[in-house]
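Hi everyone, thanks for making time.

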Amino acid sequence: MPSNESKLTVVGAGLVGSLLSLYLARRGHTVEVLERRADMRRETLDAGRSINLAISTRGLHALRQVGLEEEALKHAIPMRGRVIHPVKGELAFQPYGKDDSQHINSISRGWLNKFLMTQAEGTGRVSIRFRQRVTEANPAAGLLTVLDEATGVTREVRDAVVFGTDGSGSAVREALQSQTDSQTLGHGYKELTIPPGEGGRFQMEKHALHIWPRGTFMLIALPNEDGSFTCTLFLPWEGPVSFATLQTPAALEAFFQEQFPDAKALIPGLVEEFFSRPTGHMVTVKCAPWHAGGRTLLLGDAAHAIVPFYGQGMNCGFEDCVVLDALLSKQADWAAAFGEFERLRKTNADAIADMAVENFIEMRDSTADPRFLLEKGVEKVLLNAFPGEFVSRYTLVSFSRVPYRLAYGVGAIAGGIVAELAKDLKRPDDVDLDRAAKLIRGRLTPFMEEHADGFRLEG
């Protein structure tokens, strides 16, 4: 394990930076965290940029390692599936797993971030300094130039081991001069609120992620502890139905009345929130390298920002902390640990980035398609009929710690099997299980056996 004498500096006190500092403190290190924003525990930060979090197996495992899973789950709401809202007609429920035990959890980004900062400071080894902006960095030397935006004073941090957890627009990554492939999605997002009903009751199904899929755009809603739902509208920036066309209250209200009438009835602050809150961008970042010797390492969104449509951004960042922690217990120096970390995580981060973009198309488009619903039904039949033999991509991503790259590979094979079996079916229950067994054992089993070590990771 690297020496505790090293001066450790974490840039960014978001979710990943706060958890990472906790992991490092637990190893006996003293950590300084530099955060550009004010302390969110003392000042209310801008609303409208949260995109509620869905914490699942990977993120919960990371919290469990530092004894925080139980408390986090007290503030989380299990979501057992998607509720699909068509423009007209009945709501449809699509379960996430083979039964209710497999669910993801809605949790407040703000609450979790504050909780992790407080827990990190509670170790006595972590000090978080706010309104600190990194203006220059020399990653190879562990040198940072930091502006204190409260006082206007600039100082230098020298000879540090630097962890860049400063998000998708990372200053540390920019200084690494890494090759960055940054792709901005052609859609933006706007956050809206469905308030609680009388007595704090939920005005829609509490234990679900709600989706209004409309082809090129969609609305989603996740439940909050207080009975409200955080809604996120995803729209193209330009085009016939886009943020560019919703410039007046009348246009906005007409659009919601036409496309999301049931949601509109539940969002009393629609006009005010839409026009006062910022419109967020979504970006995929793939870059290399992630480290400079044993002096600087990127983690979380700084290394691999992804779009939010698989609910894995935070889970992936938290898994970074778990992997790095395991390496630090074995490796003799920072450089060896950082090099191995990049080797292990880069392919997995790229895989979940690609899956997240693909899932966006599924959520906004396919979830309302009868053929898609039939295939999802067949998938559920196979999950129950062949436990341990048939696995789906979604199950592996959300309910296991199997490496993302293997989940990606399974998805391609399992998806092909499901499509073949569903081809001439009218009902999922009519699937030919004998044929299914042959396809699974002929295609999926060999892949899982070849990568057996990766599939042994428990949830």
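Let's begin at D159, which is exposed, with a relative accessible area of 53%; exposed here means over 50%, buried means under 20%, and partly exposed is in between, with a 1.4 Å probe and protein chains only. D159 sits in the loop between β11 (154-157) and β12. Its phi is near 50 degrees, a positive value in a residue other than glycine. A word on where this comes from: the model is predicted, so local features need pLDDT of at least 70 and side-chain atom pairs count only at pLDDT 80 or more, while totals for chains, interfaces and linings use all residues. Residues are numbered from 1 along each chain as its sequence is written, and side-chain values use heavy atoms, with hydrogens and water left out.

When I say helix or strand, I mean DSSP runs numbered from the N terminus: H or I over at least four residues for helices, E over at least two for strands.

R131 also has a positive phi, near 55 degrees, in a residue other than glycine. You'll find R131 in the loop between β8 (126-130) and β9 (132-138). At 38% relative accessibility, R131 counts as partly exposed.

One more backbone stop: the peptide bond from A288 to P289 is cis, with omega near -5 degrees. P289 belongs to the loop between β17 (280-288) and β18 (291-292).

Now let's go inside. Which residues touch the most other members of the largest nonpolar core? They are L19, L112, L116, F163, F318 and L324, in a core of 65 residues. By nonpolar core I mean a set of buried Ala, Val, Leu, Ile, Met, Phe, Trp, Tyr and Cys residues joined through side-chain atoms within 4.5 Å. Apart from that core lies another, of 58 residues, among them M282, I306, Y310 and L383. As background, in soluble globular proteins nonpolar side chains tend to be buried together.

Let's look at F163, in strand β12 (residues 160-164). F163 is buried, with a relative accessible area of 0%. Leaving out residues up to four places away in sequence, F163 touches L8, T9, V10, V11, L20, L24, L297, L299, L324, W334 and F338; a contact means heavy atoms within 4.5 Å. F163 and G12 are 151 residues apart in sequence, yet their C-alpha atoms are 8.7 Å apart in space.

Is α1 enclosed or open? Of its 12 residues, 11 are buried, so α1 is largely enclosed by the rest of the structure. Just after α1, G28 takes a positive phi of about 95 degrees.

The axes of α1 and helix α10 (residues 313-328) come within 9 Å and cross at roughly 20 degrees. Axes are lines fitted to C-alpha atoms, for helices over the stretch in contact, and angles run from 0 to 180 degrees between N-to-C directions. That makes α1 roughly parallel to α10; under 35 degrees counts as roughly parallel, over 145 as roughly antiparallel, 65 to 115 as roughly perpendicular and the rest as oblique. The contact includes L19, L20 and Y23 of α1 and F318, C321 and L324 of α10.

For a second pair, take helix α14 (residues 404-422), whose 19 residues reach 26 Å, close to the expected 27 Å. Helices α14 and α15 (residues 433-450) pack at about 165 degrees, with their axes 10 Å apart. The two are therefore roughly antiparallel to each other. Among the residues that meet are V410, I413 and I417 in α14 and L439, I440 and L444 in α15.

Last stop: L396, in helix α13 (residues 393-399). L396 is buried, with a relative accessible area of 5%. Again leaving out residues up to four places away in sequence, L396 touches R58, V391, V402, A407, V410 and F455. Of these, A407 and V410 are also buried residues of α14.

Notes. The expected span of a helix is 1.5 Å times one less than its number of residues.
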